[in-house]
Amino acid sequence: MSSPIAGELHRIEVLAGLTDEQFEWLAANGEVVQFAPGEMVFREGDPADSMFAILEGAIDLMIGVGGQMVPTFVQYAGEVTGLLPFSRMVKYTGAGRAAAGGPLRILRIRKEKFGEMLSQIPILGQRLVATMTDRVREATRVMQQREKMTALGTLAAGLAHELNNPAAAVRRDAEALETRLAGLADLAADLCAMGLDGQKLRALGALAESLRQREPPLFDALGRSRCEEAVGEWLDSRGVADAWVLAGALVDAGVTDADLESVGQLVPPGGIAGAVRWIETLVDATRLAHDIRAASARISELVQSVKVYSHMDRAGDKEVIDLREGLDSTLVMLGHKLKKKNLRLERDYAADLPTIPAYPGELNQVWTNLLDNAIDAAPEAGLIRIEAARDSKTSVAVRMIDNGPGVPPEIQSRIFEPFFTTKPVGQGTGLGLDIVERIVVQQHGGTVDVESQPGRTIFTVRLPRQPNQT
């Protein structure tokens with residue numbers, strides 16, 4: 001009669017079709033372990049020393065992202081996990097952990113038994129290698145997706161910050177413009193009540209229109225102070241209320257005391273205040289309209305950068321692209337991080353930089369990962385430099401340079417390995433540079449290299465040019 005555990009093992013998919021003797025061997029050489037909901041099965045850094053066959057319940061695999069543990073995927077009853085035969089894993093890595101998703105029972109087979117297990121059950125070798133391959137492929141896919149979603153979250157937060165400033169300016173200036181326009185009708189009525197003849201009204205209107213279209217002056221502090229003093233004294237000497245408040249607004253719009261003299265020649269002394277306020281309202285309303293236009297243009301530029309960055313409205317095939325567009329749109333998307341660290345940015349794009357055939361969306365992921373790493377590495381008020389130029393007759397090179405502490409020589413050969421990261425736990429998945437290498441090498445037939453020493457790190461991406469391009 002078979003043991004209860006041997007009976008449960010029939011439900012493990014990878015063990016399907018084994019003989020009763022083989023099931024009994026597994027039951028006799030394994031150890032049943034139970035875990036309470038949420039209890040750790042293993043965490044990063046623990047020795048990888050056992051294979052787990054899940055008899056009951058599920059294991060939640062999680063990784064650290066942004067200082068929090070987030071679910072990656074779940075393994076259920078009937079699956080195997082942990083260390084598998086032929087794996088070179090020594091410790092659990094990937095800034096992750098595994099916890100019981102509920103009441104959990106597993107059969108643990110320690111690695112010391114692996115040799116005997118494969119001798120007793122030869123077919124398991126092939127099956128577990130296939131399982132390990134599938135597991136690595138799925139884990140990599142999920143982690144890459146998680147890396148992209150994390151980057152997207154960072155970019156979205158930065159974009160929201162960048163959009164908020166011009167959007168707030170549009171709202172603020174629109175409200176102010178509404179107020180100014182509401183008072184314009186009363187000021188125009190007061191102007192008409194002065195009894196000016198048609199010729200003077202037209203002259204006053206022409207003067208107001210010329211002032212409305214005048215470009216605001218570029219003052220230094222002393223020049224502005226002098227102009228404001230002259231305008232303020234002119235208004236004050238004629239009994240205009242709030243003369244010095246009006247003077248600042250008029251000077252900002254480019255109105256001088258000579259312009260006010262022209263107003264004084266067209267209206268009676270008692271009407272000067274009303275005429276000046278009417279002109280000030282017109283020029284200020286124009287200024288507000290210009291500010292709204294500039295802020296809305298900034299919003300349009302940001303939206304266009306998002307479209308370029310995300311490759312919206314285009315097919316998913318390779319196309320001939322200008323590398324500068326993708327680099328600049330990535331800089332817009334990460335502009336908030338540059339500002340937060342007060343970093344100085346230098347761009348050096350060769351005038352004869354050729355176009356290349358590429359997947360624009362994927363390359364923007366490359367620029368994002370490299371630039372994000374450079375920003376993190378650079379010191380406060382440090383330097384980021386981006387260069388793009390012909391590298392040879394067959395390729396172009398893009399270089400991301402920072403003046404951070406550099407990558408230690410002993411780990412430079414490992415930085416492109418999956419899950420390898422020098423960032424604190426929870427702040428990196430270790431897939432950023434792995435994704436860079438996959439996109440550049442596998443999808444574009446290019447290369448990516450690093451040169452680093454304290455104070456200067458250069459990541460160079462070389463991409464093939466179009467055939468027969470001059």
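These questions and answers go through parts of a predicted model.

Me: Why is Glu-8 called buried?
Reply: Buried means under 20% relative accessible area. Glu-8 has a relative accessible area of 16%, so Glu-8 counts as buried.

Me: Where is Glu-8, and which residues does Glu-8 touch beyond four places away in sequence?
Reply: Glu-8 is in helix 1. Glu-8 touches Leu-55 and Arg-105.

Me: What makes a set of residues a nonpolar core?
Reply: The residues must be buried, of nonpolar kinds such as Ala, Val or Leu, and joined through side-chain atoms within 4.5 Å. The largest such core here has 41 residues. Among those with the most contacts inside it are Leu-9, Leu-26 and Met-117. Strand 3 (residues 50-56) gives the largest share, five residues. Another core, of 40 residues, lies apart from it and includes Ala-350 and Met-400.

Me: Which residues is Leu-9 in contact with, leaving aside neighbours within four places in sequence?
Reply: Contact means heavy atoms within 4.5 Å. The partners of Leu-9 are Leu-15, Phe-23, Leu-26, Ala-27, Ala-53, Leu-55 and Leu-107.

Me: What do the buried residues of helix 2 pack against?
Reply: They pack against helix 1, strand 1, strand 8 and helix 3. Phe-23, Trp-25 and Leu-26 are among the buried residues of helix 2.

Me: How do you know on which side of helix 8 the buried residues lie?
Reply: The buried residues of helix 8 are Asp-259, Leu-260, Val-263 and Leu-266. They cover an arc of only 110° around the axis, so they sit on the same side of helix 8.

Terms used. Residues numbered from 1 in each chain as written. Predicted model: local features only at pLDDT ≥ 70, side-chain atom pairs only at ≥ 80, totals over all residues. Heavy atoms only, no water. Buried < 20%, exposed > 50% of the residue type's maximum accessible area, 1.4 Å probe, protein only. Helix = DSSP H or I, 4+ residues; strand = E, 2+ residues; numbered from the N terminus. Arc of directions from axis to C-beta.
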